[in-house]
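Have the viewer open and follow along.

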Amino acid sequence: MEPRHTISVWVDNIPGVLSRVTGLFSGRGFNIESLCVAETMDPEVSRITLVTTGDEQIIEQVIKQLRKLINVIKVVDLTTVEHVEREMALVKVKAEDRSRAEVLRIADIFRCRVVDVSPNSYTLEITGNHEKIKAVLDLLKVHGIHEVVRTGTLAIQRSKKD
Amino acid sequence: MKLTGAKILLECLKREGVKHIFGYPGGVVLDIYDELTRCPEIRHILVRHEQAAAHAADGYARASAKVGVALVTSGPGATNTVTGIASAYMDSIPIVVLTGQVPTALIGNDAFQEVDIVGITRPCTKHNYLVKDVRQLAQTIHEAFHIARSGRPGPVLVDLPKDVIQASTVPKFPESIKIRSYNPTYHCNPRQVKRALDLILAAKKPVLYTGGGIILSNAAEDLFQFATSLQIPVTSTLMGLGGFPGDHPLWMGMLGMHGTYCANMAVSQADVLIAVGARFDDRVTGKLSEFAPHAKTVHIDIDPSSISKNVVVDIPIVGDCRDALKQFNDLLAQMTLEDIAAIRSQWLATIRDWQEKHPLTYTWSDTTIKPQYVVEKLWELTQGEAYITTEVGQNQMWAAQFYKFKRPRQLMTSGGLGVMGYGFPAAMGVQVAKPDATVIDIAGDGSIQMNIQEMITVVENDLPVKVAILNNSFLGMVRQWQQLFYERRYSATPLKAPDFVKLAEAYGAVGLRATKPEEVEPVIKEALHTPKPVIMDFRVEPEECVLPMVPAGKPMHEMLLA
C-alpha cells in the first residue's frame, strides 16, 4: 500500500472553503482517507487535518495544489515531522451476561470510557491512534458490535524538547 | 455618500481601468445595465450568446494584456459562460466574469434562473466569489482583478445577487491589497538561477522550450536576448507562439504532436532542455517516459504545481519567467563568454540539417486549394502583422504551422481546453482591443458554426473581423484520426454547412468564395481591403492531413511526415 500522509491545512474560515479542498481531491484523483475540520483559536481560521495516500510525487502535487487555493493559508505534511495523532471512536457493543465483565475489562485495558450503559450494551469512547482503535475494535468484534462512529485523524506537531 | 451596489460595481470597474465589457442582460442584472446608461466611460458590447462574451473577454485580454470582462445574468446566462471560463483557466488568461444571482433570500430555493455558479465554476476558475453584502463589494471586485492578473493569471468569477446590487452603502474603495494566503513568487531564487546557468553554459546541445508564460510575463525581449547571446535554438508550445520571432534562424517551429521534425528531433537529442513558462502538456511530450530522454531539465514557472507535475526536473525555478531571463542576461553580461558561435556551430548545423531534410511542407495542387496554402497566403498578404485567432482542429494546427508569428500576443487560440467556437468571438474581443488592426479568425467549416451567431455582433458594432474558413466539408481533425487509426470509417465527421457567402450577406457582412488555387490571393486581397466584417469561404482539399504527426502515446521522434 502507498504511504499514508497526515497533512494539516490552515484555511480561511468562510463558506465554501471545504468544498474547494475536497473538490480539488476528487477533481485531480487524489485520495482522502479521513478529514477533520474545526475553527482554530483564531476564529477567522479553520484547520483541516486530512489523511491521504500516494507516492512522493503525488503527495508533492497534493501539497502544491492545496497551496494554490486562494483560501489556503498554510500546509504542513506532519508525516515529515515528529507529531502526535489521535482518533476517537464511539462503539455500541453488545454486553450481556458473561460478556459484560469482559467488555469492561477490555475497556479498562485500553483506557476507554463508558459513556452510556443499557441492560444489554455499553457505549465506549475509545481514543488513540489509528492502530489502537483498530485493535480495540478487533477485540470487541467477538462480543458483537451494534454500531461504530469514528472521527478522522487529528494530528499536532510535537514541541521541541530542548 | 451612499451608493447602490450597481453604482459601486461600475465605479470599481472604472478604477480597474475597464473600458469594455462583453455581456448579455437579464432579470437579475437589470440594475447594473441601468447604471451602464449613466457610465459613458465603459462601452458594453452585446453578444448573442454568453459563451461568446467569455471568449471575447479572453481574446481582448490576450491582445491588450489587460483583464477582460464579461457580464451576464444568473442561471443560463452564467452556465453559458462556463466553457469560456474553463478555456481561460487552462490557458491562464486573466478575465473577470460578473454573473447576476437571484436575491440572497432566494438562494438555495430553486428560484427562477437560479444556479450555483460558484459551485459549478470552482474547479475551472482561479478563484470565485459570492458577494453577500454590499459592504464587501468594492473589496471583492478589487481582489478579483488582482487575483486574475497576478501570479499565474486566470479567470475569476464574481456572483452578484440582485439585492446586493440594489442595496446601498457608503463605499470604501481599497487602495492597496493584501491577501494573506495569496502571495505569488515573482523573484526567482538567484542560487537556482546560477545553477541553471552553469548547466546551460556547459551544454553542448541545449534547447529552449518556451510556452505561454513568455507571453503572459511579457518576456519576449528577454528571451530573444538570452537565446541569441548563447545561440540556443528555440521551440515553443502552441501557447508560446509569437514569443520568439518566427523568421529567426534560431527558431525551430512548434514542438509536439504537430510540431516540426526539427523541433521534435532537437528535443529528443538535447542534452539540456530549458523549459520556460511551459507545462509539459501531453500534446507536447508524447510518450512521457521517452520525452527529452538525454536532457537535464531546467524548468522555470511561476506556478509551483506545474513543476515536477508530469516530468521530474533537475533544476526547478519558481518565479516569473521574465525575472529568470533577466537574471540570466545580467549574469551573462558580467561574463566573458568564449566564442559562442564556434561552440554552437556543430549543434546548429545539425538543427539546420533537420530543418532542410523535413521542413513544414505540403503537396501543391493546381486544381484544389490546399488549406496550408491559404494560411501561407494570409501570412504573406498581411506581412505577418495580423492578429490571428483560431478555432480548434486542423485549422488551428495549420495556422500554428504556416503563419510565422512575429510578436507576442499575435495569436489567440484555445490551447488547453481546445474549444471549437473560440476563435470568432475571440477575434471580436481582439478587434475591440485593437480597432485599427487586421484581425483574422482562421476557422473550419465545423467550428465556425459553433458561434456563428456573433456575425451580427461584429456587424452591429462595426468590428471588421475577417473569417477565413478552411472549408473541407469535414470535421477535419477527427476525420484525420479516423483515416489514420480507424481505417477511414468516417463516423459523424462529414458535415453540411450553410452557404457562407449568403450567410455573410444575410448578416450584413461581406461573403467571398474561392474554389480554385488562383482565386485565393484575390479573395484575401479583397477581404483585407474591405472595411467591414468578411467571411472568406475557401473550398479546400477535403482529405488533407495535418503533418507531421506524432500519434498519441508515441515518442516524439516517431513522426508521420508529409
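A residue is called buried under 20% relative accessible area, exposed over 50%, and partly exposed in between, using a 1.4 Å probe and protein chains only. By that scale B:Asp537 is buried, at 0% relative accessible area. The model is predicted, so local features need pLDDT of at least 70 and side-chain atom pairs count only at pLDDT 80 or more, while totals for chains, interfaces and linings use all residues. Side-chain values use heavy atoms, leaving out hydrogens and water, residues are numbered from 1 along each chain as its sequence is written, and chains are lettered from A and ligands numbered from 1 in the order in which they are written.

**Salt bridges**

- Searching the whole structure over all chains gives 41 salt bridges, each being a side-chain nitrogen of Lys or Arg within 4 Å of a carboxyl oxygen of Asp or Glu.
- In chain A, A:Arg4 pairs with A:Glu33, with 3.1 Å between the closest N and O atoms.
- Helices (H or I, at least four residues) and strands (E, at least two) are DSSP runs, numbered from the N terminus.
- Both partners are partly exposed: A:Arg4 has a relative accessible area of 24%, and A:Glu33 has 41%.
- In chain B, B:Arg513 and B:Asp537 form a salt bridge with an N to O distance of 3.0 Å. It links distant parts of the chain, 24 residues apart, with B:Arg513 in strand β19 (residues 510-514) and B:Asp537 in strand β20 (residues 534-539).
- How accessible are the two partners? B:Arg513 is partly exposed at 29%, whereas B:Asp537 is buried at 0%.
- A network of salt bridges with shared partners joins B:Lys7, B:Asp34, B:Glu35 and B:Arg38.
- Within it, B:Arg38 and B:Asp34 have their closest N and O atoms 3.0 Å apart. B:Arg38 is partly exposed at 47%, and B:Asp34 is partly exposed at 40%.

**Domains of chain B**

- Chain B is divided into domain 1 (3-169), domain 2 (190-357) and domain 3 (371-539), with bounds that come from an automatic or database domain assignment.
- The centres of domain 1 and domain 3, taken over C-alpha atoms, are 29 Å apart.

**Where domain 1 meets domain 3 in chain B**

- Contact (heavy atoms within 4.5 Å) involves 25 residues of domain 1 and 27 residues of domain 3.
- The two domains bury about 2000 Å² between them, 62% of it on carbon and sulfur atoms; buried area is the accessible area (1.4 Å probe) that two parts lose on being put together, summed over both.
- On the domain 1 side, B:Arg48, B:Arg62 and B:Ala63 lose the most area to domain 3, together 29% of what that side buries.
- How many salt bridges lie between these domains? The count is 1.
- B:Arg48 also forms a salt bridge with B:Glu460, at 3.2 Å from N to O.
- Elements that give two or more residues to the domain 1 side are β2 (20-23), β3 (43-46), α3 (50-64) and α5 (82-90) of chain B. The largest share, 11 residues, comes from α3(B).
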